[in-house]
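Trainee: Please take a close look at a single part of this model, one hairpin and the sheet around it, and then connect that part to the rest of the chain. I would like the criteria behind each term spelled out as you go.

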Amino acid sequence: KAQGWLNSAYIVWSGSSSSYTVTCDGNAVSSYLTRKIGSQWRCDIPGLAAGSHTIKVTSGSSYLSATVSVASHDRSGFAFNGSVTPGAYKADGTLKDNAVVLYVNENTKDKISLDVVTSSKGTTTSCTGIQPILDAFKKGYDSRPLCIRVIGKVTTPSVSTAGDLMISGSSSSKHISNGITVEGIGHDATAYGWGIRIKNADFIEVSNLGFMMV
């Protein structure tokens with residue numbers, strides 16, 4: 001099965017291979033977005049503009065492909081007012097040009113790393129773990145939009161703020177404003193045991209994410 005949705009699409013298939021390569025319109029799709037659920041494989045592809053897109057799944061010399069129709073998510077309203085576009089996406093549903101994408105699943109939540117600008121002189125700090133990365137952005141020197149994609153069931157990271165993920169600026173007079181999106185991927189993204197706190201922050205977007213046992 002293959003189907004388009006709101007600025008996204010997915011494809012589900014059966015196969016005995018241990019790995020598959022997925023492309024969309026000839027562009028590679030991150031391997032983090034392909035996973036096995038039960039006896040089937042599934043790949044979710046966010047960040048697509050409205051229109052037709054061709055998805056191709058390859059393993060060795062074998063492949064399957066499908067063309068899907070993607071609709072545009074209605075982003076009108078207070079948050080998307082005029083030229084204001086919160087989060088890491090443009091108004092057309094594609095990622096902003098310099099956006100950084102982090103894939104957070106149960107295996108990567110404490111291993112994911114990113115060099116973040118942490119001074120006015122452009123000094124970068126290497127951060128590991130989703131909360132330490134957000135803490136570095138809190139300083140307000142890194143202007144890149146940040147897209148955090150949550151995949152599957154993710155329990156509380158080892159570093160948190162009293163058990164929650166904290167998105168915060170450094171003070172009430174210095175808000176974080178680079179644009180951050182926290183989005184669940186597919187139909188089963190779950191924050192299990194933790195919530196999200198937003199403080200001294202502007203242009204934050206949270207979508208398609210379930211919360212349990214907080």
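Mentor: S5 and S6 pair in the antiparallel sense over four bridges, where two strands count as paired if DSSP finds at least two bridges between them, and where strands are DSSP runs of E with at least two residues, helices being runs of H or I with at least four, both numbered from the N terminus. The model is predicted, so local features need pLDDT of at least 70 and side-chain atom pairs count only at pLDDT 80 or more, while totals for chains, interfaces and linings use all residues. Residues are numbered from 1 along each chain as its sequence is written, and side-chain values use heavy atoms, with hydrogens and water left out.

The two strands form a hairpin with two residues between them, and Gly 38 in that turn has a positive phi of about 65°. In this pairing Ile 37 stands opposite Gln 40 in S6. S6 (residues 40–46) also pairs in the antiparallel sense with strand S2 (residues 8–13), over six bridges. Here Ile 11 stands opposite Cys 43 in S6, and Ser 8 has Pro 46 as its bridge partner in S6. Strands of a sheet pair through backbone hydrogen bonds, either parallel or antiparallel. S6 is largely enclosed by the rest of the structure, because six of its seven residues are buried; buried means under 20% relative accessible area, exposed over 50%, and partly exposed in between, with a 1.4 Å probe and protein chains only.

These strands belong to an open sheet of four with the order S1-S2-S6-S5 and antiparallel pairing. Strand S1 (2–4) and strand S5 (34–37) are its edge strands, each pairing on one side only. From one strand to the next the twist averages 20°, taken from axes that are lines fitted to C-alpha atoms (for helices over the stretch in contact), with angles from 0 to 180 degrees between N-to-C directions.

Asp 188 lies in strand S14 (residues 180–192) and Arg 35 in S5, so the pair ties together parts that are 153 residues apart in sequence. Arg 35 is buried at a relative accessible area of 15%, whereas Asp 188 is partly exposed at 26%.

Another salt bridge brings the side chains of Arg 197 and Asp 164 together at 2.9 Å, N to O. Arg 197 lies in strand S15 (residues 196–199) and Asp 164 in the loop between strand S12 (146–155) and strand S13 (165–168), so this pair ties together parts 33 residues apart in sequence. Arg 197 is partly exposed at 33%, while Asp 164 is buried at 15%.

Of its 26 residues, Leu 102, Leu 114, Ile 133, Leu 146, Ile 148 and Ile 180 touch the most other members. Two or more residues each come from strand S9 (100–104), strand S10 (113–117), helix H1 (130–137), S12, S13 and S14, and H1 gives the largest share, five residues.

A further open sheet has four strands in the order S4-S3-S7-S8, again with antiparallel pairing. Strand S4 (27–28) and strand S8 (62–70) stand at its edges with a single partner strand each, so one side of each is left without a neighbour in the sheet. Strand S3 (residues 21–24) and S4 run antiparallel and are joined by two bridges, with Ala 28 in S4 as the bridge partner of Thr 23.

Terms used:
A salt bridge is a side-chain nitrogen of Lys or Arg within 4 Å of a carboxyl oxygen of Asp or Glu. A nonpolar core is a set of buried Ala, Val, Leu, Ile, Met, Phe, Trp, Tyr and Cys residues joined through side-chain atoms within 4.5 Å.
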